[in-house]
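Welcome, and please open the model in your viewer with residue selection ready.

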Amino acid sequence: MSRVGSRSRGIAAICVATLIVVGGGGAAFAYWSSSGSGTGTATTGTSASFVVTSEAPTGGPLVPGGSSQSVAFTVANPSTATLDLSSLVITVAESDGSAWVSVPGCSEADYVIGTPVITYGSVAGGDDVEGTVTVTMTNTAGDQDACQGEAVPLYVVAS
Amino acid sequence: MLRRGVAWAAATAVVVGMLVAAGPASAYWHSGGTGVGSATVGTLAPPTEVTAVSSQPGTVTVAWAASGGALTPEGYYVERFAADGTHPACGTSPTSMLAGLSCDDAGLSDGTYDYRVVAVYRSWSARSASSAPVVLITSLLGSAAAFSVLGTAVTTTGFTRVSGDLGTTPGADVVGFPDGVVEGEIHAGDATAALAELDRAAAFADLSSRTEDYLLSGDLIGQTLAPGVYYAGAALGLTGILTLDGGGDPDALFIIRVDAAISTAAASSVVLIDGARAANVYWVVDAAVTTGALSSFSGTIIAQGAITLGAGGQLAGRALSRDAVTMADNLVTAAT
């Protein structure tokens, strides 16, 4: 009986150790403590948002069926935690993401947004990642005069 | 012993299974964020400096300056604006454009027109401002409008140059060409000249019926006339400069009816200013017209008597007579 109990305790100990390893390991990575030595209370981090900024477009102004413009973006991680950048979606839209309707006769359909060129992956706290995207204007069979001289708003969602 | 080994193996399997099931711990947070940017769109500049001039009967010549800016248009099309609406002009359309910077809009009837020129680049277009209006009153002269000189006989000495047609009717005497030069056609006693004479006579009758706004008499030297219908019951003379002031209106119409002769002195001149155009000036004379040597005269002379242009003088217009026309080293240019 005592030998069986000894074995049971041994198995239980292994399981507990496993749980500690698995659970404790996860818990350890869920804490975002500042680097350095010393003691302190590790607190559970909160997920900060990326900050996306853009540069002025380069290349000639857009014309129907003409060459593209390139817009450079910077996706910054303002937090101290490492964040995962896995997607960058860029559309022609207002600054709140709603449809661009402020120029009657000219719409998102008049433009083509290229695939963003950026390196996805983890972005260390305080670090940033730079990328670019191209914009071209389609030459439609319809009248696109309303688009002349306009600034085309781009809305970027990083996640 | 065997049971103990099985128990340890089972425990080990549980541990390994849990380790595997736990998976790698994530080294980052998943997060989101938004931002904005913009792209800029170019523009197509419109053509500029659009002009429209009545170049010959029923025809308006439209000219313009090319679009400025970095974008070169693929072509241009022309629109004519009239009282009854907008029409394509010069045989152009958005799908049939011109590469050049001028065109002739032919086959027009009487009326007032202005023109716009549209530059096209792919799906873009840029429309110019309107030209100044151009007035066509070709039917006033009918087929006679094509003639620079028309009479029962036409004679010149020296190197007279006539820009339009020259015709005689009912006679066929055309003397002095060459050395004189007719840039149009010579209709010596033919049916075209006969029809032109009928139209000339009709125009004379029409213009003679216009009610006068002002009266004229004597020597017109130094006078400045505003647009309108003028009448003189006796002969008029000009020993210096007569000014016709259009008042900024390119449609300004001057009709000067005289029930007697007109004669101008050597080196005298009729000067057109501020929109006045020779195409809109009519001298309707029920007798002879004689211009002085080296004089400068403007407008269409429709005379029942003979017309004699002084040696070396210029006429910007037409000399249409029911009698003979005599010239000497003259330059007769189109009434524009």
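In which strand of chain B is B:Pro170 found? Select residues 165-175 of chain B: this is strand E13, and B:Pro170 sits within it. Keep in mind throughout that you are looking at a predicted model.

**Stop 1: two cis peptide bonds**

The peptide bond that runs from B:Thr169 to B:Pro170 is cis, and its omega is near 5°.

Now select B:Pro178 and B:Asp179. Here too the peptide bond is cis, with omega near 15°. B:Asp179 belongs to the loop that joins E13 to strand E14 (181-182) of chain B.

**Stop 2: a loop residue with positive phi**

Next, select B:Arg122. Which loop holds B:Arg122? Look between strand E8 (111-121) and strand E9 (124-127) of chain B. B:Arg122 is not a glycine, yet its phi is positive, at about 50°. Its relative accessibility is 33%, so B:Arg122 counts as partly exposed, a class that lies between 20% and 50%.

**Stop 3: the second largest pocket**

The space inside the second largest pocket comes to about 200 Å³.

**Stop 4: another positive phi**

Move along chain B to B:Asp329, in the loop between strand E30 (325-328) and strand E31 (331-333). B:Asp329 is a residue other than glycine with a positive phi, near 50°. Is B:Asp329 buried or partly exposed? B:Asp329 is partly exposed, with a relative accessible area of 38%.

**Stop 5: a buried serine**

Finally, select B:Ser269, which lies in strand E24 (residues 269-273) of chain B. Why does B:Ser269 count as buried? Its relative accessible area is 14%, and buried means under 20%, so B:Ser269 falls in that class.

To see what surrounds this serine, show the side chains of its contacts. Leaving aside residues up to four places away in sequence, B:Ser269 touches B:Leu238, B:Gly240, B:Ile241, B:Leu242 and B:Ser296.

Terms used:
Residues numbered from 1 in each chain as written. Chains lettered and ligands numbered in written order. Predicted model: local features only at pLDDT ≥ 70, side-chain atom pairs only at ≥ 80, totals over all residues. Heavy atoms only, no water. 1 Å grid on protein atoms, 1.4 Å probe; cavity = no way out; pocket = protein on both sides within 12 Å on 5 of 7 lines; lining within 4 Å. Points joined across faces, edges and corners; volume = space filled by probe spheres on them. Helix = DSSP H or I, 4+ residues; strand = E, 2+ residues; numbered from the N terminus. Buried < 20%, exposed > 50% of the residue type's maximum accessible area, 1.4 Å probe, protein only. Contact = heavy atoms within 4.5 Å.
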